Amino acid sequence: MVADDRRIRIITGHYGSGKTEFAVNYVKKLRESVDGRVAIADLDIVNVYFRSREKKEELEEKGIQVIASNLDTAVADVPAVSGAMTMPVINKEYQYVVDLGGNDVGTLVLGRIKPLLDHAEADFFMVVNAYRPNTSTPEGIIEQMENLEYAAGLKVTGFINNTNLVRETTAECLLHGDEVLKEVTKRTGVPVKYVSYVKDVMTEEIPEGLSGELFPMEFNMRKTWM
């Protein structure tokens, strides 16, 4: 599963896709699956409503290095990131997850990484919630994907079907996202890598035949009242 992905996993997604929740769940699974050093960089300087750096203490207790702003705070909205973001790119002892902003502005921070990046060792995953306005159709998803690729200078290597209605998510949500993304794959050739869902919410049986590996998650970022 996650251990077989490329060493550097850059995770992006349009507003409301659930990108940060997926990234935090992903790096936890990665820590459980591999030996050696694991790091996550919070490079989302665009929409910081949910921040992976909020979980710094919990993640570091699990042996996951968290790279974020030079300011030692989880709540300041500062459009700046630490120069340490390049270190796990250079040091191949690291398995690296990058929580990236989800539009052309958000991808600008990759400018610090790109000169050092071997594209052959990097996945560029796009998290998709097919219930969000700008990614509700194949055309919308492809437009967002092409904008991200142009700004990042990277090609999307896989989609994450994270189609959900938060605590009202049902099996039908996963099927809907699967239907939309299968058409995107048909048109672009980009596969669905994972289909994610929150275990405590999904009380129905997971449908068979979904594209991508099943990726059960838990809520890390969303409070119980949200």
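Tutor: Let us start with Val-166, whose place is in the loop between strand 6 and helix 5, the latter covering residues 171-188. Helices (H or I, at least four residues) and strands (E, at least two) are DSSP runs, numbered from the N terminus. The model is a predicted one, in which local features need pLDDT of at least 70 and side-chain atom pairs count only at pLDDT 80 or more, while totals for chains, interfaces and linings use all residues. Residues are numbered from 1 along each chain as its sequence is written, and side-chain values use heavy atoms, with hydrogens and water left out.

Student: What is the phi of Val-166, and why does Val-166 count as buried, partly exposed or exposed?

Tutor: Val-166 has a positive phi of about 55 degrees although it is not a glycine. For the second part you need the cut-offs: buried means under 20% relative accessible area, exposed over 50%, and partly exposed in between, with a 1.4 Å probe and protein chains only. Val-166 has 25% relative accessibility and therefore counts as partly exposed.

Student: Which other residue lies in the loop between strand 6 and helix 5, and what does that residue touch?

Tutor: Asn-162 lies in that loop as well, and because its relative accessibility is 5%, Asn-162 counts as buried. Contact means heavy atoms within 4.5 Å. Leaving aside residues up to four places away in sequence, Asn-162 touches Ser-17, Gly-18, Val-127, Val-128, Asn-129, Ser-196 and Met-217. Asn-162 and Val-195 are 33 residues apart in sequence, and their C-alpha atoms are 6.1 Å apart in space.

Student: How should I read the faces of a strand, for instance those of strand 6?

Tutor: In a regular strand the side chains alternate between the two faces of the sheet. Strand 6 has both faces covered, with Gly-158 and Ile-160 on one side, Phe-159 and Asn-161 on the other, and all of them buried. Strand 5 runs parallel to strand 6 and is joined to it by four bridges, and within this pairing Val-127 has Ile-160 as its bridge partner.

Student: In what order do the strands of the sheet lie, and which strands form its edges?

Tutor: Two strands pair if DSSP finds at least two bridges between them. Here eight strands form an open sheet with parallel pairing, in the order 3-2-4-1-5-6-7-8. The edges are strand 3 (64-67) and strand 8 (213-217), each of which pairs on one side only.

Student: What do the partners of strand 2 look like, and how many bridges join strand 2 to strand 4?

Tutor: Seven bridges join strand 2, residues 37-43, to strand 4, residues 94-100, and the two run parallel. Along this pairing, Ala-41 has Val-98 as its bridge partner, and Leu-43 stands opposite Leu-100. Strand 2 is also joined to strand 3 by four bridges, again running parallel, with Ile-40 opposite Val-66. Strand 2 is mostly covered, since six of its seven residues are buried.

Student: How do I describe two helices that meet, such as helix 4 and helix 5?

Tutor: Two packed helices are described by the angle between their axes and the distance between the axes. Axes are lines fitted to C-alpha atoms, for helices over the stretch in contact, and angles run from 0 to 180 degrees between N-to-C directions. The axes of helix 4 and helix 5 come within 9 Å and cross at roughly 55 degrees. Angles under 35 degrees count as roughly parallel, over 145 as roughly antiparallel, 65 to 115 as roughly perpendicular and the rest as oblique. Helix 4 and helix 5 are therefore oblique to each other. The residues making the contact include Ile-141, Ile-142 and Met-145 of helix 4 and Val-180, Leu-181 and Val-184 of helix 5.

Student: Which strands does helix 4 lie across, and does Glu-146 count as what, buried or partly exposed?

Tutor: Helix 4, residues 138-152, lies across strand 1, strand 5 and strand 6, and runs at about 145 degrees to strand 5. Glu-146 is found in helix 4 and counts as partly exposed because its relative accessibility is 46%.

Student: Finally, what pattern does the protein chain follow along the sequence?

Tutor: The protein chain has five helices and eight strands, and its pattern reads β-α-β-α-β-α-β-β-α-β-α-β-β. Buried residues make up 53% of its 226 residues.
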